Amino acid sequence: MHSFPRWKIWLILAVLVVSLMGALPNITSVPSWWPASLSKPMSLGLDLKGGIHLVLDVDVDKAVSHSVEEDIDTARQVLRKDKIRYRKLSAEGLTLNITIKNDADLANAEQLLAETFDGYTMADPVERTFSLTLKESVADETRKFAVDQAIEVIRGRIDALGTTEPVIIKQGSHRILVQIPGYEDSAHAKQLIGRTAQLEFKLVDEKGDLDKAMTGSIPPGDIIMYGPEETRNDGTNFRQPYLLKKRTELSGNEISDARVSIDSRYNEYAVTLKFNTKGSRKFDKLTTAHVGERFAIILEGVVNSAPVIRERIAGGSAQITGSFSPAEAHDLAIILRAGALPAPVKVVEERSIGPSLGQDSIEQGMNSIIVGCIMVLIFMAIYYRMFGLVANVALIFNMLLILAAMSIIGGTLTLPGIAGIVLTIGMAVDANVLIFERIREELRLGKTPLAAIDGGYAKAFSTIVDANITTLIAAIVLFQFGSGPVKGFAITLSVGILASMFTAITVTRAIVAASTAKNGRVEKLSI
Amino acid sequence: MQLISPDLHYDFIGKRKIAFIISAVMLLTSLGALAVKGLNFGIDFTGGTLVEVKFDQAPAIADVRDAISPKGYGNAVIQEFGAPEEILIRVQNKNTEDSSTISNAILDGLGEKFGADAIEMRRVEFVGPQVGEELTRAGIMAVLVAMLAILIYVTFRFEFRFALGADAALLHDITIVVGLFALTGKEFSLPVIAALLTVIGYSLNDTIVVFDRIRENFEINRKRKRPESETNVVNGSINQTLSRTLMTSLTTLLVVMALFILGGEVIHDFAFALIAGILVGTYSSIYVASPVMLALEGRFKQDEDEIKEMEARP
């Protein structure tokens, strides 16, 4: 007892100074020379700050089947280039089926396909049909790429909202977590994020017979697509069908910019697209070769318009019209600029908090902490007198330590997190209760005050460790399996338990040692 | 100041039959409530949409229903939440459409009827069916893993019978707290699982402190010339730690009560689970964990005696 190690006192002082410095940014702004690692305030969770929390599921398998479908185009091109005639090209899930017309071309075709599609495994041809299956490793790569790309695209769209510090991160293998603090309009956010914004340009098959195609005999290489729903004069709804060439001439990937503009003919809001260099060249070629024909602009699977190409267009820009409101035109420009989603995304979880609820939660949480803390402080002081006051000093130190630790490790405070702190107040004094009760017992056995203190601390120690470790186990499991706000509870509870072991044992011991050493001989303990 | 007189020697173990009856009644009531009424699972587990709205003036529930009926949600669960101006609306997921837009439709409907300025979105939660399943699985896993980890730790630090006693107390506490949720029809949500795990940690904390003393006293007892019976030692240990057990429960209850009364509606059920857990956890660390441990001791001892007897035979 008389020899409380010096280094422990220095350790306590060092922790105290670091805690004070680390906690300060939560109260006031710190000067620029303040250590960077101690300059961050604790961040508040969305449930306290208000904002939108979304978990999106990326339909990654769609991205894979989409890429297989695109490879049909590639197959068509390479076969044509080598003048190999084919009968049928089709995609089925992860498999490409390619039927060659003449037996004589089989060997050539086999070599060509093997060279072109090294991401596929090719089976021996059956009746002149090659069947190529996408390798699982390549498919996985595509899935991963789709999620990464979706994150980039969504980030672009959310940045356009102009909010501060949005969070967009991958969660698991095909989910994306989106948090937009301080933003309220969840309907708008969901709409902006969820749109695929797939933009395609296809030629209208002017020679094909639309009426015949509608009855089922669609010319090979063609596809029927529809315009937006319109209401006829008699009140019935209809959608204009178009017979289009399947091949996509240009896509949203070849856009460099999209801006809201006013369509001069009808004085309506429109979105003007600018193609990038590659897109401009393709567009130039397309319009040169097909003067007099129509090309369809398809947005998210719906034919937006199909203007006639009157002359070659070299400038590289196009316009999308369609009685937009200013807000709709603005949103469309944003999503086209940010690019298309590589696969559809779906909201699978949402937790959005209005700003007033967050503010209420902070106030109620702080009230609980303050009232709970004061009650425990009073109770301990009455019950254990001087030693109770010592425990109270440790408890306040503990609160300070939690605040500092949460700030330094960059933890996020959530509403359940506040509950964790409140609970820690109750449990932090437990270690002191154990020690003090033990000291009282030792005194009853007739030991001298100093011996009783020594015995109390020594005997209570292993109990404290055992009891706290079990609670810590529960907290760690909670952190592992919990999600979102519940994790916040696990973090504050764990930090609180660890902090309390330091303050309740080491700090109180130091105070007790200091006060008894001054008095020299201690006759009676105020416990 | 002292809550418990140091001279107190209350015969806890002697009352174990009464405690057994009390526990049995609580457990059977809980299991009965679970079987008959079942738990009122929140959208975290069932999937669905929850919208909390604050109105300028307290609306009639019927008017709220009228407002959202045209949108197709006339069968929603609508209730007051904490204050008459605050309304909670709960809707099941639909299979046919993108369920994440349900909240938009509800807010639109309310805006059309009451005026967009008269209502304020407080909270929107939507859990898709798949996520609901995942959260359920994670919740069950969390409770099981926590119990297993604790069983291992206590076995490692004490003895197996102590671990079984501790886990019996845990099972007892969890069943009763969950049963209380079934009985009161309170919503069983994700934060309640967090509260359950905390109860596990807390109840165990209490049990460990008693066990620690029992182990210490067992060792002292073994060195005595005339050892006392294990029952006496256990009884003494519970008495010695009693004032600590009650003190800690009291301080923890104080703060959790503060949370329950002042913490707001969102945290209310969470605090309720903690209060129930602390009360039943304190009880079980005295009346369940040690008696179970002793009961196991009796059986193992008999087994040992039988083995000795068999070995002694020619």
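Predicted model: local features only at pLDDT ≥ 70, side-chain atom pairs only at ≥ 80, totals over all residues.
Residues are numbered from 1 along each chain as its sequence is written, and chains are lettered from A in the order in which they are written.

View 1. Chain A is assigned domain 1 (6–47 + 353–519), domain 2 (61–139) and domain 3 (195–350); domain bounds come from an automatic or database domain assignment. Taken over C-alpha atoms, the centres of domain 1 and domain 2 of chain A are separated by 66 Å. Chain B has domain 1 (13–41 + 132–312) and domain 2 (48–127), with C-alpha centres 41 Å apart.

**View 2. The side of chain B that touches chain A.** In this contact, 59 residues of chain B meet 61 residues of chain A, two residues being in contact if their C-beta atoms, placed from the backbone, lie within 7 Å. Elements of chain B that each supply at least two residues to this side include α4 (102–114), β5 (119–127) and α7 (190–223). Helices (H or I, at least four residues) and strands (E, at least two) are DSSP runs, numbered from the N terminus. By class, this side of chain B has 35 nonpolar, 15 polar and nine charged residues. Here Ala, Val, Leu, Ile, Met, Phe, Trp, Tyr, Cys and Pro count as nonpolar, Asp, Glu, Lys and Arg as charged, and the others, Gly among them, as polar.

**View 3. Strand pairing from chain B into chain A.** Strand β18 (residues 345–353) of chain A pairs with β5(B) in the antiparallel sense over five bridges; two strands pair if DSSP finds at least two bridges between them. A:Ile353 has B:Arg123 as its bridge partner in β5(B). In β18(A), A:Ile353 is also the bridge partner of A:Gly51, and β18(A) pairs with β2(A) in the antiparallel sense over six bridges.

**View 4. The enclosed strand β2 of chain A.** Eight of the eight residues of strand β2 (residues 51–58) of chain A are buried, so this strand is largely enclosed by the rest of the structure. A residue is buried if 20 or more other C-beta atoms lie within 10 Å of its own, exposed if 12 or fewer, and partly exposed in between, with C-beta atoms placed from the backbone. A:Gly51, A:His53, A:Val55 and A:Asp57 point one way, and A:Ile52, A:Leu54, A:Leu56 and A:Val58 the other way. Seven bridges join β2(A) to strand β8 (residues 175–181) of chain A in the antiparallel sense; A:Gln179 in β8(A) is the bridge partner of A:His53.

**View 5. The largest nonpolar core.** This core has 230 residues, and those with the most contacts inside it are A:Leu478, B:Leu196 and B:Leu197. Its largest share, 19 residues, comes from helix α10 (residues 355–408) of chain A. A nonpolar core is a set of buried Ala, Val, Leu, Ile, Met, Phe, Trp, Tyr and Cys residues joined through C-beta atoms within 7 Å. Not counting residues up to four places away in sequence, B:Leu196 touches B:Val143, B:Ile174, B:Val177 and B:Ala273.

**View 6. An open sheet in chain A.** Four strands, in the order β12-β9-β15-β16, form this open sheet with antiparallel pairing. Its edge strands, β12 (250–251) and β16 (302–305), each pair on one side only.
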